Amino acid sequence: MLTLSCPSCGANVNFQSKVSVFAVCSFCKASLVRQGMDLDKIGQVAELLDDLTPIQIGTTGMYKGQKFEVVGRMKVGYDEGFWNEWFTYFADEKIGWLAEAQGFYAVCFPCFDMVPPIGNLHPGKAVDFGKYGIYEIEDIRKVKCLYSEGELPFNALQGRKSESIDLTGFEDEMATIEIAEKENRVYLGSYVDFDDLQFKNLRRIDGW
Amino acid sequence: MAGKEEAGKEEEEEADTPDVPKKEPAPPKPQAKMFACTACGASVTIKYPGATMAVVCSSCNSTIDVTSENYRILSTYVGKTSLFKPSIPLGARGKLKGKTWEVIGFLVREDTASKYFWSEYLLFNPYYGYRWLVEDKGHWNFVRTIKRKPDAKNINQYPAKGQLAKLDGKNYQIYNYGTAAVKYVLGEFYWRVTVGSSNLAADYIDPPQMLSAEKDGKEIVWSLAEYIDAKEIHKAFKVTDKFPYQSGVPATKPPTELKACTQIGSLCAVFIIFLTCAQFYFTAKASQQTVLQYDGTFITNSKKADITTPVFSMGDETTNAVISISAPVSNSWFYVSGELVNDTDGTTYPFEKSVEYYSGTDSDGFWSEGSNTAQLGISSIPPGKYYINIDTESGDFLQTRVQQFSITVGRNYPIYDNYWWTLFGLCVIPLYSFAAMHSVEAARWSNSDFSPYPDPESYTESY
């Protein structure tokens, strides 16, 4: 783990994963960009209305027998709602994402980049990922970063825009295509039941 | 003792809560949020502002978008608000399937074509998300949205009778298809609910479960419902008022009659196979020996008493005796009453039998009834020497003269009577169970346009 100090307030800023290039100071909420051992402040994160998520930075869980820890979050919003993308750091230094929305949880991993042109995508269309299987498009959403905290592998400034395409595969398999400014990345994973993730160190929700 | 039990209960209650650091102080942020209704000015409370997108003003029933800065009105309600009252009050918490749920929203939805309506309760738990309790004619289903996709036909096409949706190796059969519109709404929701909005929906059943597809914009949302006992909900949410009166057979009623029928049916089939095998075995084993052949005379149209046959042996083991009587009857009758007597100890086995044969011609042609021989069986005759005493009687003969009759005794004959009677008995139970199953299943499908049972009208409930 790499520990740097916040250029804004001097508090410790931790980086568990080597791929993390962005962090939000837990103390002063400055959004910081890391280049090697240097941290630069590029913005300030505005406070967030409690969205009742039970996950927090430091929550640990199990996925397919592997332990992970939640080290960052990007909350994204779209016309009809929002969801959380929790950046997870696995025991074997692998990184992944825990997507959380309305009590549904999916764990996925960045898999490969889709080469443009992507073509005409619409809900219901089947997309062939070759050896990774065939997935069907569930929805396509224009999303905006509403909030970020902890460490992240890209600049997750509030207002960051991207397009998110959710796909479902065989049984509990899922995929997401994230179309951001510079890359079209495909994430593959599966939906998991809350209880199966064996969370520890969850956030306490008042009254529950 | 009571104290111990209580402590135990408390532990159990806690067991379902995920691993949360209990000692840590709760975040100081007040969760509930209040604002003035944009439509009527009354105070509106949002209990879970971070998760909720729309809330209903309890004074004027307008639905309000709480994600918009100026609390935009999504829809207003013009009907009589007192028409619908949730049976489980909003805010009530209860434990179902091991987890605690809070009722946060209430919807009344109706089929736009038939105007048939039902109630839906939105349940919330911040760890596990959302569930639904759907109440229809007093019957309840516990529903959760699912992410995996069943194998099913396109929802836009009107389904054919018997159409299936497959999920996790189970087949669900089309039960209902139509457009469901929001008729009335209360509480708060994770989407922008509006009164009047409608969705195309299809329900497939495999009782006690139901798989439903709903079209939400371009997306198809699938959910899985399971029948839940009204009493369980009533108790869990500590409801004091009575629940809606139950009527009819709900789509997801547990298929107890169907299961019973299948079980009884297969059990009886096993019995019948066993019985038939046993019958074949005994038939093959039966030696069918003739132990007495006796010819006697009688005078037609009169009585003759006290004929005694010679002594004969019934063999070395207990067996049955089959007595055959023959007489030259034709439009007349010959009657024998007698007893099989054990020559050693005098035990008697009484019997009686008529031999009769009638025939003639009428408008349908030739007819006949009866025969020249009659047979009767006596079971469990111990081994030993026997003889037979008989009295005879006859009538309807044209002439009075001496005629001959014969009596034959066989031992160890295969007997079919018991077999047929047992077979008949074994069929009654499955038939009864089948009838019960059929009437329940037909009633279950009486609300469906896709009933596999003919003439659903005759099964509509009799309330």
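Trainee: Into which domains is chain B divided?
Mentor: Happy to start there, with a predicted model in which local features need pLDDT of at least 70, side-chain atom pairs count only at pLDDT 80 or more, and totals for chains, interfaces and linings use all residues. Residues are numbered from 1 along each chain as its sequence is written, while chains are lettered from A and ligands numbered from 1 in the order in which they are written. With bounds that come from an automatic or database domain assignment, chain B is divided into domain 1 (30-252), domain 2 (258-283 + 418-459) and domain 3 (287-413).

Trainee: What distance separates the centres of domain 1 and domain 3 of chain B?
Mentor: The C-alpha atoms of chain B fill a box of roughly 120 × 70 × 40 Å along the principal axes. Taken over C-alpha atoms, the two centres are separated by 80 Å.

Trainee: Is chain B a compact globule or more spread out, and what is its radius of gyration?
Mentor: The globule rule is 2.2 Å times the number of residues to the power 0.38, and the radius is taken over C-alpha atoms. For 463 residues the rule gives 23 Å, and the value for chain B is well over that, so the chain is more spread out than a compact globule. Its radius of gyration is 39 Å.

Trainee: How are α3(B) and α4(B) oriented to each other?
Mentor: Helices are DSSP runs of H or I with at least four residues, strands are E runs of at least two, and both are numbered from the N terminus. Axes are lines fitted to C-alpha atoms, for helices over the stretch in contact, and angles run from 0 to 180 degrees between N-to-C directions. Helix α3 (residues 256-285) and helix α4 (residues 417-444) of chain B pack at about 165°, with axes 9 Å apart. Angles over 145 degrees count as roughly antiparallel, and α3(B) and α4(B) are therefore roughly antiparallel.

Trainee: How many nonpolar residues does the contact of α3(B) with α4(B) have?
Mentor: Contact means that C-beta atoms, placed from the backbone, lie within 7 Å. Those making it include Ile264(B) and Phe271(B) of α3(B) and Leu426(B) and Met437(B) of α4(B). Ala, Val, Leu, Ile, Met, Phe, Trp, Tyr, Cys and Pro count as nonpolar, Asp, Glu, Lys and Arg as charged, and the others, Gly among them, as polar. Beside 4 polar and 2 charged residues, the nonpolar count is 17.

Trainee: How many residues does the contact of the two chains take from chain A?
Mentor: Chain B gives 26 residues to this contact. The side of chain B that touches chain A has 15 nonpolar, 3 polar and 8 charged residues. From chain A, the contact takes 27 residues.

Definitions and conventions. Parallel < 35°, antiparallel > 145°, perpendicular 65-115°, else oblique.
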